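Hi,

Here is the structure I promised to pass on. My notes follow below it.

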Amino acid sequence: MAISISLVLLLLLLAVLFLRNGGLKPSHAIVCAMLGFFLAGTSMAPTIQEGLTATANVVSGLQP
């Protein structure tokens with residue numbers, strides 16, 4: 001759950017930065033958000049979640 005919230009906050013921050021810099025139009029942001037919602041309802045959602053969790057575990061295990 002903590003990874004999901006952190007990921008959502010990170011993506012929200014990136015979207016806001018892109019909107020402010022003009023690199024992302026509001027219509028594009030809406031389409032991306034709709035894609036995310038529809039993708040979450042598919043059978044691929046658990047696979048994507050497992051992939052994100054595995055990636056987070058690898059990144060958290062890295063030491064500088």
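First, a definition: helices (H or I, at least four residues) and strands (E, at least two) are DSSP runs, numbered from the N terminus. On that basis the protein has three helices and zero strands, in the order α-α-α from the N terminus on.

Bear in mind that this is a predicted model, where local features need pLDDT of at least 70, side-chain atom pairs count only at pLDDT 80 or more, and totals for chains, interfaces and linings use all residues. Residues are numbered from 1 along each chain as its sequence is written, and side-chain values use heavy atoms, with hydrogens and water left out.

The mean pLDDT (the predictor's confidence in each residue, from 0 to 100) is 80 for the protein, and 89% of the residues score at least 70. Helix 3 (residues 45-61) has the highest confidence, at 89, while helix 1 (residues 2-21) has the lowest, at a mean of 73.

Of the 64 residues, 2% are buried (under 20% relative accessible area; exposed is over 50%, partly exposed in between; 1.4 Å probe, protein chains only). The protein exposes about 5500 Å², 75% of it from carbon and sulfur atoms (Shrake-Rupley method, 1.4 Å probe; for residues, only the protein chains shown count as cover).

Cheers
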